[in-house]
Amino acid sequence: MDETTENPAIGAAPALTTPAAAEEVARAADAARCPFHHADAAALPGHAAAIPTTIGSPAVTAMAEARKTMVLTGASRGIGHATVRLFAEAGWRIITCSRQPFNRDRCPWEAGPDDHVQVDLNDHRALAFAIHDIKSRLGGRPLHALINNAGISPKSPDGSRLSSLTTPVTTWMEVFHVNFLAPVLLARGLFEELKAGQGTVVNVTSIVGMRVHPFAGTAYATSKAALACLTREMAHDFAPHGIRVNAIAPGEIKTDILSPETEQRLAPLIPMRRVGSPMEVAKVLYFLCSDAASYVTGEEIHINGGQTL
Ligand SMILES: NC(=O)c1ccc[n+]([C@@H]2O[C@H](COP(=O)([O-])OP(=O)(O)OC[C@H]3O[C@@H](n4cnc5c(N)ncnc54)[C@H](OP(=O)(O)O)[C@@H]3O)[C@@H](O)[C@H]2O)c1
């Protein structure tokens, strides 16, 4: 029996001969795999395992065509790493970008090495090649999401905060290239693909774009404030083309970017009395890239356990 016909989330199996039918199946499959309802979805008869998998069959070809695709910067660690895991579980194809080559031990997701673009976002000339590379990997297919997640937060050699009085010029340039310029260049470079996918851009800003922080430096803070402003500007400019643009502003999330003493010093001051996890951020990113957020644009969602209250 074809179990897809039994799945209440999918309904009667449509003929997969037209792009619209394929899109409908992909949407239903996506809904069935929604990570917010993962336990329920896995129990449904039409969950991923029941979807046809015969290589070369029209159903598989149509599903591959209709699969949602995302470009994500900074996937090798922290928030980006959790984001790939969540979206991959929901059936998305993810094209990742970071400086390091793909590492299968750290990143055990399907098609990882084939969909990894090694690029230093500090180098805007290299970024042009990376955009070209991403376009050829897309092969003319639409892009449904761009998440500008990669970011750097340099400290002084002794680990102390770099202020407006002490930040070297080269650090200002590097921070603004990676945290601010790369997001706008990527979004502009992939505009046609995002438009074709009626996609969405999410910029990862920070709580420090709004208030002085004991560890994060001035260049980092101002780059994130600029990125929040850029989010509004891009939302305004991209909306008429069907592309939504939002930001998320994490507070203290347990990743390599945190200073060693952050958790110990700041957790007691956070109303929820703990730092956040990368997966708690990834879930909000998923919401913003889903149909549940179809009328949300130009927003910055704060994920900080009440730290700014
Ligand atoms: N963790 C927090 O508490 C927190 C709070 C607020 C905002 N954020 C923001 O959240 C985002 C992710 O942070 P995270 O905590 O997950 O950081 P993380 O663990 O340090 O990871 C940063 C990621 O960015 C990539 N990256 C750094 N420099 C790059 C460059 N020049 N070119 C290409 N890729 C580069 C890194 O990959 P490679 O090393 O392989 O290049 C890595 O995958 C950042 O934008 C950060 O500012 C984090």
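1. Let's start with the loop between helix 7 (191–196) and strand 5 (200–204), which is where Gln 198 is found. In this predicted model, Gln 198 has a positive phi of about 45° although it is not a glycine. That is worth a look on your screen, because most residues other than glycine have a negative phi.

2. You will find Arg 273 in the loop between helix 9 (262–266) and helix 10. Arg 273 counts as exposed because 10 other C-beta atoms lie within 10 Å, and 12 or fewer is the cut-off for that class.

3. Now a step back to the chain as a whole. The protein chain has ten helices and seven strands. Of its 309 residues, 41% count as buried. Taking contacts with a separation of 6 or more, 69% are between residues 24 or more positions apart.

4. Which residues are closest to the ligand? They are Gly 74, Gly 78, Arg 99, Gly 151 and Thr 255, out of 30 residues that surround the ligand. By class, this shell divides into twelve nonpolar, 13 polar and five charged residues. Helix 4 supplies the largest share of the shell, three residues.

5. Helix 4 (residues 78–89) also packs against helix 10 (residues 278–289), with the axes 8 Å apart and an angle of about 55° between them. The two helices are therefore oblique to each other, and their crossing is right-handed. On the helix 4 side, the residues in the contact are Gly 78, Ile 79, His 81, Ala 82, Thr 83, Leu 86 and Phe 87. Facing them from helix 10 are Pro 278, Met 279, Val 281, Ala 282, Lys 283, Leu 285 and Tyr 286. Sorted by class, the contact of helix 4 with helix 10 has ten nonpolar, three polar and one charged residues.

6. Helix 6 and helix 8 (residues 218–238) make another pair to inspect. Their axes are 9 Å apart and the packing angle is about 15°. The crossing of helix 6 and helix 8 is right-handed. From helix 6, the contact includes Trp 172, Val 175, Phe 176, Asn 179 and Phe 180, and from helix 8 the residues include Tyr 220, Ser 223, Lys 224, Leu 227 and Met 234. The contact of helix 6 with helix 8 holds 13 nonpolar, three polar and one charged residues.

7. Asn 179 deserves a point of its own. Asn 179 lies in helix 6 (residues 169–189) and counts as buried, because it has 27 C-beta neighbours inside 10 Å. Setting aside residues up to four places away in sequence, Asn 179 touches Gly 151, Ile 152, Ser 223, Lys 224 and Leu 227. The C-alpha atoms of Asn 179 and Asn 203 are 9.4 Å apart, although 24 residues separate the two along the chain.

8. Helix 6 has a further partner in helix 5 (residues 124–138). The axes of these two helices come within 11 Å and cross at roughly 35°, in a right-handed crossing. His 124, Leu 127 and Ile 131 of helix 5 meet His 177, Leu 181, Ala 182, Leu 185, Leu 186 and Gly 189 of helix 6. This contact of helix 5 with helix 6 has six nonpolar, three polar and no charged residues.

9. Finally, please look at Leu 146 in strand 4 (residues 145–148). Leu 146 is buried, because 29 other C-beta atoms lie within 10 Å. Beyond its neighbours within four places in sequence, Leu 146 is in contact with Val 71, Leu 186, Ala 187, Leu 190, Leu 194, Gly 199 and Val 201. The C-alpha atoms of Leu 146 and Phe 191, which are 45 residues apart along the chain, are separated by 10.0 Å.

Definitions and conventions. Residues numbered from 1 in each chain as written. Predicted model: local features only at pLDDT ≥ 70, side-chain atom pairs only at ≥ 80, totals over all residues. Axes fitted to C-alpha atoms, helices over the stretch in contact; angles between N-to-C directions. Helix = DSSP H or I, 4+ residues; strand = E, 2+ residues; numbered from the N terminus. Parallel < 35°, antiparallel > 145°, perpendicular 65-115°, else oblique. Left-handed = near helix turned anticlockwise from the far one by under 90°. Contact = placed C-beta atoms within 7 Å. Nonpolar A, V, L, I, M, F, W, Y, C, P; charged D, E, K, R; others polar. Near = placed C-beta within 6 Å. Buried ≥ 20, exposed ≤ 12 C-beta atoms within 10 Å, placed from the backbone.
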